[in-house]
Amino acid sequence: MAEVINMPRLSDTMEEGTVATWLKKVGDTVNEGDILAEIETDKATMEFESFYEGTLLHIGIEEGETAPVDTLLAIIGEEGEDISDLLKGKSSEEKETDTDNKSKEQEKAEDSPKETEESSTSEKADLPEGVEVITMPRLSDTMTEGTVASWLKNEGDKVEEGDILAEIETDKATMEFESFYSGTLLKIAIGAGESSPVDAVLAIIGPEGTDVSGIVESYQTKSNTSEAPKEEKKETSKPKETEKATPVQASKENTRSETVNEGRLFVSPLARVLAEEKGINLRHVRGSGENGRIVKSDIENYQPAAAGGAQAYTPVGTESFEEVKNSQMRKTIAKRLSESKFTAPEYYLTVELDMDNAISSRQAINSDPDVKISFNDMIIKACAMALRKHPQVNSQWSPEATKIAKHIHIGVAVAVDEGLLVPVLKFADQMTFSQIGAQVKELAGKARNKKITPQEMEGSTFTVSNLGMFGIDEFTSIINQPNSAILSVGAIVQKPVVKNGQIAVGNTMKVTLACDHRTVDGATGAKFLQTVRQYIENPVTMFV
């Protein structure tokens, strides 16, 4: 009996996965323990083993495509086995029931043979022989829609298996999307620069000359997704682009004084650019091109008419915005931080630390050529030790109970090109300064290179965010759920301070603790910061 394999959940936060590579093809023999495919999340690519033996009868998610967890990934069974019912979404039990009722169905078929034939013909018409529908892949566990950054193939081009069809932008990166099929690119359903939900029709590949009209609509209808609105949107957007290129800007000039050319203006793109650069009102220029079209030479030779001395200033130019589409990572950051901001009742506590002893201690430690630590390493160590004394800060809120973690895992906010990732230092209170520094450097490098694994991003109980290296004196952070607190670290500033009743030059640093008031009361947060202060202002105590 054929076995259905669904998209696995490879991490506790994974909602969908992407098939990076299939190591088996339809028709191949599969043994238990064989690697079927490599499944990619937004944090890592993992090998996925088969727990069944048999023949790979069907691949439900092609290379480069993404689908939610528990979506049909593949079917394994006996060679030649009929899996049509499984493909229609029926279970094996339903299939057995269908077999038991086979005679009844035959009777119905005899009563209405025409209806049966029409239904069968309709299904075949929906997807002609050799035609493959490619849908928008889910390339990260948080991706709900993708943007086609660019198409590397055009409609009518030949496509070989393994060719790069397009570049798809996700919430984490822009990734190349390979074709799992060979044939001709018959239809591009999502144009370059356009976004669409995961599983929407992306393209259709099949034999050259195949009529695929209506397939996009019918395919989306089967998936309970209507593509018609998008098609209408595409059609209506084109006239707008044309208007932007010609009459819209000119029409704004119609209301300005001293107009010469009324009605629609015909202007070459280069002439329009030159006119904007020189501040020339196009309605004052007579075109020498066909149908009065204004060309480059008209702008170069334009002489404003004198009007009693100095020419009156006429505002020219175009009010415009550059529209940069939100990347998928940016959308995810906005969603999660909004949830944190509007869910947790946050409050903030700020203290200014005397960094003179920390500076001298760091210099002494770094005098060893084999050891190099940063102030951030010292902050992380101080927070880890302070959490041991104030476990209430090392907690998580849930409606049923407050969970106080017995372990201390410090998340370290790392900026990447598209946003923010938070690698985690496991059991940070047990690590030395140099161990903290080495692991932060390693994890930050992995995060920036997209090589970090899900396990290295999970399980934080407290977070540190440092913008001091950017010269930021003081700031507040949004709590990284499900943590109860996050520490914002500013820059070390040299300033006049009072020591022993005398004004002297000192080095200070401001840190701000954001707390979730549901789990951390004000006094608890204040005591935690006092302990952090004691450790930072007297680093030797962290060696005890």
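Modeller: Helix 9 spans residues 296–300 and contains both Lys 296 and Glu 300, which lie four residues apart, about one turn of the helix. Helices here are DSSP runs of H or I with at least four residues, strands are runs of E with at least two, and both are numbered from the N terminus. The side chains of Lys 296 and Glu 300 meet in a salt bridge, with 3.7 Å from N to O. By salt bridge is meant a side-chain nitrogen of Lys or Arg within 4 Å of a carboxyl oxygen of Asp or Glu. Lys 296 is partly exposed at a relative accessible area of 39%, and Glu 300 is partly exposed at 43%. On this scale, buried means under 20% relative accessible area, exposed means over 50%, and partly exposed lies in between (1.4 Å probe, protein chains only).

The model is predicted: local features need pLDDT of at least 70 and side-chain atom pairs count only at pLDDT 80 or more, while totals for chains, interfaces and linings use all residues. Residues are numbered from 1 along each chain as its sequence is written, and side-chain values use heavy atoms, leaving out hydrogens and water.

The count of salt bridges comes to 14. One of them joins Lys 510 to Glu 474 at 3.4 Å, N to O. Lys 510 belongs to strand 26 (residues 502–516) and Glu 474 to the loop between strand 24 (462–466) and strand 25 (485–499), so this pair ties together parts that are 36 residues apart in sequence. Lys 510 is partly exposed at 30%, as is Glu 474 at 40%.

Another salt bridge pairs Glu 161 with Lys 25, whose closest N and O atoms are 3.7 Å apart. This pair links distant parts of the chain, 136 residues apart: Glu 161 is in the loop between strand 11 (158–159) and strand 12, and Lys 25 is in the loop between strand 2 (16–22) and strand 3 (29–30). Asp 354, Asp 356 and Lys 499 are linked in a network of salt bridges.

Turning to the strands, strand 12 (residues 164–169) runs antiparallel to strand 10, and four bridges join them. Val 148 stands opposite Ile 168 of strand 12. Strand 10 (residues 145–151) also runs antiparallel to strand 15 (residues 195–197), through three bridges. Two strands pair if DSSP finds at least two bridges between them.

Finally, a search of the whole structure finds zero disulfides, a disulfide being a pair of cysteine sulfur atoms within 2.5 Å. Cys 383 is buried at 0%, and Cys 515 is buried at 0%.
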